[in-house]
Amino acid sequence: MTHSYLHIEYLDKHFGAFQALRSISLSIEKGEFICFLGPSGCGKTTLLRAIAGLDLADAGSIHQDGRNITQLPPQQRDFGIVFQSYALFPNLTVAQNIAFGLENRGLPREEVALRVAEWLSLVGLSRESHKYPSQISGGQQQRVALARALALSPGLLLLDEPLSALDALVRHHLRTEIRALQQRLGITTIMVTHDQEEALTMADRIVVMEQGQVVQVGTPSEIYHHPASRFVASFVGNMNFLEALVLSEREVRLGSHPLPLPNQARAGGCIELAIRPEAITLDAEGGIPAVIEQVEFLGAALRLHCRADTYCGPQRITVQRPFDEARHSRVGSRCHLGWPASAMQAFAQE
Ligand code: ATP
């Protein structure tokens with residue numbers, strides 16, 4: 001029988017009367033980089049801690065590499081973990097921090113030294129080996145924490161918001177480094193983040209969570225282009241939500257022309273059309289008349305905040321175009337907004 005490397009079934013977790021995890025089922029394959037993504041309090045960390053055994057689930061099961069680990073204490077599981085706060089031993093040097101777990105395992109001194117040197121080099125800290133955590137930067141401390149977690153060659157790497165305490169530049173560097181290292185080692189990795197950009201750029205698959213439940217699992221492109229709900233659509237990337245009138249089972253009206261109704265909408269009343277800003281063009285034939293109210297410079301692109309004259313009244317629509325294409329856009333300019341039908345999703349109004 002084939003099985004996933006990590007298999008979670010119907011996992012529940014309560015804190016008193018509060019249910020933090022609701023019937024979570026999830027399969028993760030060996031070597032995947034998975035992000036748990038969701039707003040604060042949705043249960044990402046609780047799920048990670050249940051996988052680590054730091055909190056035990058109330059119901060359901062977790063299997064890792066075919067072994068039922070649901071009730072095992074952390075030390076009997078096979079993982080390395082890195083937290084947001086680097087949690088290094090302050091009285092040990094960089095090298096000693098990495099060596100700690102290896103020594104505890106009773107590895108011969110020479111082998112420990114060899115492995116520590118290897119990890120120092122892998123995370124680019126060979127020259128910092130004799131420094132103490134307080135003498136290196138936050139990004140460097142997080143590299144040490146990563147090396148310490150990986151030095152024991154765990155089967156699973158758990159990362160709990162490892163980048164969120166770092167400044168933007170270091171965070172971007174470390175994203176690339178962690179991903180490269182993960183791919184090189186082929187280690188199955190789960191990272192908790194509330195940063196959608198981080199999840200989109202790093203993950204093989206994203207697990208989107210809302211109020212203790214998994215609401216969508218998919219590749220970054222699937223999550224971005226085919227969000228399963230209004231919540232996912234609003235949480236991942238920028239999105240316009242436009243009120244439109246449902247004309248029939250097949251058509252909605254937003255501007256002067258009927259638009260084909262995306263098939264996941266129910267006919268009757270008003271619905272919301274979700275359209276990404278970059279899918280909208282400014283000079284569409286028969287497009288919705290609009291006025292540019294604000295222009296934001298994003299470097300490679302311009303973001304234009306428009307006020308559109310729609311069938312359901314004036315609505316704000318955000319458009320994002322490559323800088324070269326939209327460079328002449330000015331506040332007060334008129335435009336006609338349009339998009340391909342395939343770029344549009346409909347959600348029942350909340
Ligand atoms: P954040 O991004 O803010 O860390 P999260 O998605 O990781 O959020 P969790 O830390 O998993 O969220 O918490 C989920 C819910 O469970 C929250 O409402 C939180 O208050 C609650 N919770 C977590 N740990 C405990 C605990 N030990 N006792 C009581 N409630 C808890």
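Modeller: The residues of the shell around the ligand divide into 4 nonpolar, 7 polar and 1 charged. In this scheme Ala, Val, Leu, Ile, Met, Phe, Trp, Tyr, Cys and Pro count as nonpolar, Asp, Glu, Lys and Arg as charged, and the others, Gly among them, as polar. The model is a predicted one, in which local features need pLDDT of at least 70 and side-chain atom pairs count only at pLDDT 80 or more, while totals for chains, interfaces and linings use all residues. Residues are numbered from 1 along each chain as its sequence is written.

The shell around the ligand consists of Phe15, Phe18, Ala20, Gly38, Ser40, Gly41, Cys42, Gly43, Lys44, Thr45, Thr46 and His194; a residue is near the ligand if its C-beta atom, placed from the backbone, lies within 6 Å of it. Strand E2 (18-28) and helix H1 (44-52) each supply at least two residues of this shell, and H1 gives the most, with 3 residues. Helices (H or I, at least four residues) and strands (E, at least two) are DSSP runs, numbered from the N terminus.

The wider setting is as follows. The protein contains 9 helices and 19 strands, and its C-alpha trace spans about 75 × 45 × 40 Å along the principal axes. It is divided into domain 1 (6-230) and domain 2 (238-348), with bounds that come from an automatic or database domain assignment. The C-alpha centres of the two domains lie 39 Å apart. Of the 350 residues, 36% count as buried; a residue is buried if 20 or more other C-beta atoms lie within 10 Å of its own, exposed if 12 or fewer, and partly exposed in between, with C-beta atoms placed from the backbone. Among contacts with a separation of 6 or more, 64% join residues 24 or more positions apart, a contact being two C-beta atoms, placed from the backbone, that lie within 7 Å.

E6 pairs in the parallel sense with strand E7 (residues 156-160) over 4 bridges, and Val82 stands opposite Leu159 in E7. Two strands are said to pair if DSSP finds at least two bridges between them.

Helix H4 (residues 138-150) has 11 of its 13 residues buried, so it is largely enclosed by the rest of the structure. Its buried residues run through Gln140, Gln141, Gln142, Arg143, Val144, Ala145, Leu146, Ala147, Arg148, Ala149 and Leu150. Their cover includes E6, helix H2 (94-104), helix H3 (109-122), E7 and helix H5 (168-185). The end C-alpha atoms of H4 are 18 Å apart, in agreement with the 18 Å that its 13 residues should span at 1.5 Å a residue; the expected span is 1.5 Å times one less than the number of residues.

H2 has as its buried residues Val94, Ala95, Asn97, Ile98, Ala99 and Leu102, and these pack against H3 and H4. Gly106, which follows H2, has a positive phi near 80 degrees.

Most residues other than glycine have a negative phi. Tyr10, in strand E1 (residues 6-15), has a positive phi near 50 degrees, and it counts as partly exposed because 13 C-beta neighbours lie inside 10 Å. Asp65 also has a positive phi, of about 50 degrees. Asp65 is found in the loop between strand E4 (59-64) and strand E5 (67-68) and is partly exposed, with 15 other C-beta atoms within 10 Å.

Phe323 lies in helix H9 (residues 323-326) and, leaving aside residues up to four places away in sequence, touches Ala300, Ala301 and Leu302. The C-alpha atoms of Phe323 and Arg303, 20 residues apart along the chain, are separated by 8.9 Å.
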